[in-house]
Amino acid sequence: MMILLLMPIILIILFGYAITTEVKQVQIAIYDQSRTPLTERIIERLEANEYFSLYKMVNSEVEVQDLFRKGKVKLVVVFPAQYKGLSDEYVQIQTDATDPNEAQQLAGYATSIIRSELQSSQVQIKEISSPVVVPVVHLLYNPLMKGAYNFVPGVMGLILLLICALMTSVGIVKEKETGTMEILLVSPMKPIFIVIAKMVPYLLLSFINVITILLLSRFLLQVPINGSVTLLIAISVLYSLVSLSLGLLISTVTNTQQAAMLISAVVLMLPVVLLSGMVFPIGNMPDVLQWLSNIVPAKWYIAAVRDVMIKGLGVEAVALDITVLAVMVIFLTTVSVKRFKVRME
Amino acid sequence: MLKYLLEKEFKQIIRDSFIPKLIFIVPIVQLLVLPFAANFEVKNINLAVVDHDRTQHTRRLTEKIISSGYFNLTSEYSSYREALSSIEANVSDIVLEFPLNFTRRLMTDGKSSVLIATNTVNGTVGGLGSSYLSSILSEENINTAVRVVNYFNPHFSYKNYMVPGIIVFLLTIVAGFVSALNIVREKEIGTIEQINVTPVPKGIFLLGKLIPFWTIGFILLTISMVVAWLVYGLFPVGSLGIIYLFAGVYLVIFTGFGLTISAVSSTQQQAILTAFFFLIIFALLSGLFTPISSMPEWAQKFTLFNPVRYFVEVMRMVYLKGSGWADLWPSFVILLLFAAVFNGLALLCYKKSS
Amino acid sequence: MRMLCGLSVPTSGEAHVAGYDVYNETEKIKKHIGYMSQKFSLYDDLKVWENVRLFGGIYGLPKQQIIDRTDKLLKILNLEDQRNALVGSLPLGWKQKLSFSIAILHDPKIVFLDEPTGGVDPVTRRRFWELIYDAARKGITVFVTTHYMDEAEYCDRVSIMVDGRIEALDTPENLKLAFKTDNMGDVFYALARKAKRGD
């Protein structure tokens with residue numbers, strides 16, 4: 001059980017620090033066929049930049065291909081022979097587009113570094129007289145573009161589901177397997193109390209985890225909590241209840257621990273990771289999956305947490321999410337209590 | 001002796017209601033769903049436009065942005081405040097505001113500014129979105145002194161990038177979980193004791209467990225590659241032999257990993273949690289979802305001790321770049337080392353007596 | 001018993017099984033013993049003949065011998081019709097007989113039975129003991145633990161353990177004589193009364 005307390009901490013640290021797509025210190029190679037002061041200045045600029053780190057100067061196109069195939073560099077800048085920076089000459093940027101996003105980002109950075117050096121060297125023939133549009137960019141909510149802002153709500157959704165649904169379902173099914181459930185059921189205690197007693201420890205555990213995650217993200221990752229903490233915890237408790245009732249439902253339809261785990265993993269964990277918007281933007285998915293994502297409780301929870309925690313919105317903004325979650329609790333509990341009774345007859 | 005143990009394991013696997021399903025259904029579903037869901041391709045960014053200027057020029061710019069294919073025009077708003085509230089409601093991701101007199105200033109001063117406000121809660125969408133928008137706007141004036149050539153995946157297909165990685169992910173999960181549950185299950189049922197009082201050597205017993213999972217892994221790999229080919233038209237540029245060679249060693253690693261966990265756990269619940277714990281760390285720090293070069297120093301060091309990292313790299317390189325033995329042999333040596341370590345651990349942890 | 005079979009490591013003392021030391025030669029011991037645990041532990045998801053074949057194979061019997069012995073075993077147990085049944089589907093009494101027969105399939109010098117007859121009716125228990133006598137007649141030493149004192153009567157030598165120590169070790173006749181009674185139950189009660197441990 002130590003793992004259950006450790007897991008959120010590890011996940012928060014991993015997501016907070018390690019899981020980012022920000023570009024930095026990417027290995028590049030340069031194939032300079034002219035070796036003039038101009039190309040050397042550009043190379044210097046590329047090297048000095050935090051985005052890139054020079055792996056090697058290469059001397060042939062064959063060598064470039066070899067580096068790409070070995071996966072040593074992601075980008076190669078090729079200067080043509082006798083390059084003077086004139087407008088009819090081209091610096092070539094070759095990328096390894098295996099990872100398309102990274103490739104596009106890298107090409108963009110390299111292009112702008114080269115352009116600005118060309119401009120400041122004033123070698124570019126001044127024929128650009130067309131008017132200039134200057135974009136002023138405001139980055140809202142997450143100006144440093146930290147991955148953590150995106151992932152913290154997702155990790156909360158995942159952990160709560162793992163503890164409440166997976167552990168509850170496996171716990172109850174285990175009692176079925178070993179036969180202790182029968183002893184409890186023949187006792188004069190009402191079945192509903194037996195179930196509640198099984199759930200409370202997990203509810204407490206998830207409560208501790210929510211607090212841990214919030215503290216870690218606030219003080220370690222410096223993710224601000226812009227909205228009301230009370231609201232945040234209230235939503236988390238509601239979501240825990242959804243997860244618990246899901247776990248209960250699974251325990252009523254399965255008889256072995258393996259089956260319970262398989263169902264929890266395939267029916268619960270996978271959709272949370274994939275379809276909740278935790279990692280992958282829902283907007284990118286095909287319509288079927290977007291539509292499917294609506295029945296994933298975590299989607300609503302994560303959206304609500306993002307709104308409250310990061311955007312600092314109030315209860316009216318998350319009213320829809322709360323309603324959907326509440327309906328889910330009522331529906332799932334009703335169904336599983338019914339099934340639970342049927343099983344005993 | 002091994003022959004009889006293998007016979008037993010295979011029969012048990014075939015009669016199990018759980019494993020055959022796991023082998024066939026899970027990979028197909030995952031391969032069909034994951035690449036669509038695990039999509040960082042930044043397209044269809046929802047754009048809200050606030051045009052105070054309303055000239056032909058601003059309209060032309062807006063059209064140009066929409067026709068770039070990256071943006072969806074959600075709506076035009078009359079004030080920045082309204083547009084901002086559409087971001088809060090998650091209706092739009094980016095606001096583009098043309099100020100009053102934008103066009104006139106552009107003509108008279110030769111310079112004019114627009115405001116771009118993006119929702120960066122999701123850093124990738126926000127960051128890429130605003131840089132696309134900026135570059136479309138500034139293309140207006142900068143003549144191209146730079147030409148970009150993209151190799152290996154020139155159409156920027158995110159699926160081509162994800163599918164080989166997902167196949168690795170699948171192999172890891174199935175080999176890891178199924179083997180992690182195996183010995184501990186025999187412990188829970190009690191059959192392991194009957195084996196432990198026989199003179200069967202530990203190594204033979206573990207080998208009897210390992211070979212069936214190894215076979216399952218190969219079947220899984222083949223199914224996955226066929227699905228990848230049929231559904232995504234993705235076929236390795238490099239040699240199939242290399243993929244199977246690496247997969248052979250890789251499967252040994254994760255079966256050994258699972259068997260180690262199985263040997264030290266006393267209940268299935270415990271085994272599954274432990275396996276989940278390690279696999280999630282391995283998966284997140286493998287470069288499968290986010291580039292390793294973006295990770296902090298300590299995490300990059302950690303990835304050196306992560307077998308998933310090497311096989312993800314190898315699969316992507318063989319699938320997309322057609323890298324060959326000469327490029328990949330260092331990874332092979334490293335994977336062999338992992339196989340030795342994990343299986344040595346399994347041998348060490350599995351005790352015939354308590 | 002678990003120590004003698006090499007399943008647990010002894011903390012102190014000294015013991016030899018079939019001439020081998022229980023500390024260093026456990027794997028050699030395992031070649032010469034059979035074992036049947038109180039938890040039924042054949043593979044439920046294998047058929048009857050498959051279980052026989054598996055354990056025959058593990059003990060290194062030649063192929064033809066496994067086939068012959070399987071036939072013979074099924075005949076003795078009257079299980080020929082159940083040859084292709086999954087072991088999990090058999091009644092407990094049959095399972096126990098099968099389990100015992102498999103434990104002596106490789107002609108061990110000594111076979112350990114850990115409370116082999118728990119949970120079955122007296123008739124089935126009686127039949128089980130007939131199997132034990134058959135094995136003993138073939139020259140296999142049978143080592144049984146039991147809680148049923150009537151079963152103890154069937155044995156040639158009985159040892160009674162109290163608080164983990166052997167308090168008595170003799171033939172049933174001699175023990176009954178020493179405790180001046182006509183049944184083993186009384187011998188047991190007389191010894192067990194001294195027990196300090198609660199179980």
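Reader: So a residue is buried if 20 or more other C-beta atoms lie within 10 Å of its own, exposed if 12 or fewer, and partly exposed in between. Which of these is C:Ala18, then?

Author: This is a predicted model, and in it C:Ala18 has 16 other C-beta atoms within 10 Å, so this residue counts as partly exposed.

Reader: Where in chain C is C:Ala18?

Author: C:Ala18 sits in the loop of chain C that runs between β1 (16–17) and β2 (20–21).

Reader: What about B:Asn101, what's its phi?

Author: B:Asn101 is not a glycine, yet its phi is positive, at about 65°. In chain B this residue belongs to the loop between β3 (94–98) and α5 (102–109). With 13 other C-beta atoms within 10 Å, B:Asn101 is also partly exposed.

Reader: And B:Glu63, buried or exposed?

Author: B:Glu63 counts as exposed, because 11 C-beta neighbours lie inside 10 Å and the cut-off for exposed is 12 or fewer. The residue is part of helix α3 of chain B, which covers residues 56–67.

Reader: How many residues of chain C are in contact with chain B?

Author: On the chain C side there are 25 residues, and they meet 18 residues of chain B. The elements of chain C that give two or more residues to this side are α1 (26–32), β3 (33–36) and α2 (48–58). Among these, α2(C) gives the most, with 5 residues.

Reader: What classes of residue are on that side of chain C?

Author: By class, the side of chain C that touches chain B has 11 nonpolar residues, along with 7 polar and 7 charged ones.

Reader: Now chain A, how many helices and strands are there?

Author: Chain A has 12 helices and 5 strands, and 45% of its 345 residues count as buried. If you take the contacts in chain A with a separation of 6 or more, 79% of them join residues 24 or more positions apart.

Reader: How do α8 and α11 of chain A cross, at what angle?

Author: Two packed helices are described by the angle between their axes and by the distance between the axes. Here the axes of α8(A), residues 229–253, and α11(A), residues 297–310, come within 10 Å and cross at roughly 175°. Angles over 145 degrees count as roughly antiparallel, and α8(A) and α11(A) are therefore roughly antiparallel to each other.

Reader: Which residues meet there?

Author: From α8(A) the residues are A:Leu231, A:Leu232, A:Ile235, A:Tyr239 and A:Val242, and they meet A:Pro297, A:Tyr301, A:Ala304, A:Val305, A:Val308 and A:Met309 of α11(A). By class, this contact of α8(A) with α11(A) has 11 nonpolar residues, with no polar and no charged ones.

How values were computed
Residues are numbered from 1 along each chain as its sequence is written. Chains are lettered from A and ligands numbered from 1 in the order in which they are written. This is a predicted model: local features need pLDDT of at least 70, side-chain atom pairs count only at pLDDT 80 or more; totals for chains, interfaces and linings use all residues. Two residues are in contact if their C-beta atoms, placed from the backbone, lie within 7 Å. Helices (H or I, at least four residues) and strands (E, at least two) are DSSP runs, numbered from the N terminus. Ala, Val, Leu, Ile, Met, Phe, Trp, Tyr, Cys and Pro count as nonpolar, Asp, Glu, Lys and Arg as charged, and the others, Gly among them, as polar. Axes are lines fitted to C-alpha atoms, for helices over the stretch in contact, and angles run from 0 to 180 degrees between N-to-C directions. Angles under 35 degrees count as roughly parallel, over 145 as roughly antiparallel, 65 to 115 as roughly perpendicular and the rest as oblique.
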